[in-house]
Amino acid sequence: MTHLCFVPVLLMPVQSQQISVCVEDDGDLRVDCQIEPKANKISSYEFSWSLGTKEALINTNVSGSASEAQFRDKSEVVELDPHGYRMTLKGFTETLPHNTTYMCKISGQVESINVERDHLAPCSAVSMFLKSPWSWITSLLLLVYHTHS
C-alpha cells in the first residue's frame with residue numbers, strides 16, 4: 001500500500017505588508033495602514049497619495065496640517081483593532097490616475113504602496129483573506145489534517 005505524505009511549504013513575505021489599498025462594494029477607495037505605534041507617543045496619522053512628484057494630503061489628525069480642499073468631506077478615518085487606521089475616500093475611484101503611490105504615516109513611521117488603477121482589488125472578505133499569509137498557513141494545515149485523518 002502506498003501512502004502519500006504532504007509536506008507543506010510555507011511561503012512568507014520577507015517584510016509584512018502594513019498598508020493595503022482596495023475598492024469597497026460601493027466604489028469607495030479604502031486604505032488600511034496597520035503600523036504599530038511607538039510606545040509613549042501620541043498616535044497621529046497622515047494619509048496621502050503621490051502622482052509623479054506631487055504628493056497630496058488626503059486626511060490627517062496632525063496639528064497644523066490640513067488635507068487638500070478636494071478631499072475635505074470626502075474622506076474619513078477610523079481606528080483599527082489592535083492598531084492602525086483605515087481611511088475611506090468617496091468619489092475618486094473612477095478618476096484615479098493610472099499609477100498611484102499611496103502613503104500612510106503613523107506617529108512618524110511611513111509605509112507606501114504603488115498600485116495601478118486597473119489592479120485595485122475588491123475589499124471583499126475572500127480577497128483580503130487570500131492576501132494574508134496566515135490564511136494560507138491555516139489552509140495548508142487544514143489540508144494536511146484532513147488528508148491524514
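The legends below describe close-up views of side chains in a predicted model.

**View 1. An edge-to-face pair formed by W49 and F71.** The structure contains six aromatic pairs, and in the one shown here the rings of W49 and F71 lie 5.3 Å apart, centre to centre, with 85° between their planes. This pair links distant parts of the chain, since W49 belongs to strand β3 (residues 45–51) while F71 sits in the loop between β4 (54–60) and β5 (75–79), 22 residues apart. W49 is buried, with a relative accessible area of 5%, and F71 is likewise buried, at 0% relative accessibility.

**View 2. W49 paired with F92, and the aromatic cluster.** W49 also forms an edge-to-face pair with F92, in which the ring centres are 6.0 Å apart and the planes stand at 75° to one another. Here again distant parts of the chain are linked, with W49 in strand β3 and F92 in the loop between β6 (85–89) and β7 (99–106), 43 residues apart. F92 counts as buried, at 11% relative accessibility. Together with Y102, the residues W49, F71 and F92 form one aromatic cluster.

View 3. Leaving aside residues up to four places away in sequence, D32 touches Q18, I19, S20, L80, Y85 and R86.

**View 4. R30 and E24 within a network of salt bridges.** The structure holds seven salt bridges, and one of them joins R30 to E24, whose closest N and O atoms are 3.8 Å apart. R30 is buried, with a relative accessible area of 10%, whereas E24 is partly exposed, with a relative accessible area of 21%. Both residues take part in a network of salt bridges that links E24, R30, D32 and R86.

**View 5. A salt bridge between E68 and K54.** The side chains of E68 and K54 meet at 3.4 Å, N to O. E68 lies in the loop between β4 and β5 and K54 in strand β4, so this pair ties together parts that are 14 residues apart in sequence. E68 is partly exposed, with a relative accessible area of 26%.

**View 6. A salt bridge between D118 and R117.** In this pair the closest N and O atoms are 3.9 Å apart. D118 is exposed, with a relative accessible area of 57%, while R117 counts as partly exposed, at 34% relative accessibility.

Note on methods. Residues are numbered from 1 along each chain as its sequence is written. This is a predicted model: local features need pLDDT of at least 70, side-chain atom pairs count only at pLDDT 80 or more; totals for chains, interfaces and linings use all residues. Side-chain values use heavy atoms; hydrogens and water are left out. Rings of Phe, Tyr and Trp (its six-membered ring) pair if their centres lie within 6.5 Å; planes under 30 degrees apart count as stacked, over 60 as edge-to-face and the rest as tilted. Helices (H or I, at least four residues) and strands (E, at least two) are DSSP runs, numbered from the N terminus. Buried means under 20% relative accessible area, exposed over 50%, partly exposed in between (1.4 Å probe, protein chains only). Contact means heavy atoms within 4.5 Å. A salt bridge is a side-chain nitrogen of Lys or Arg within 4 Å of a carboxyl oxygen of Asp or Glu.
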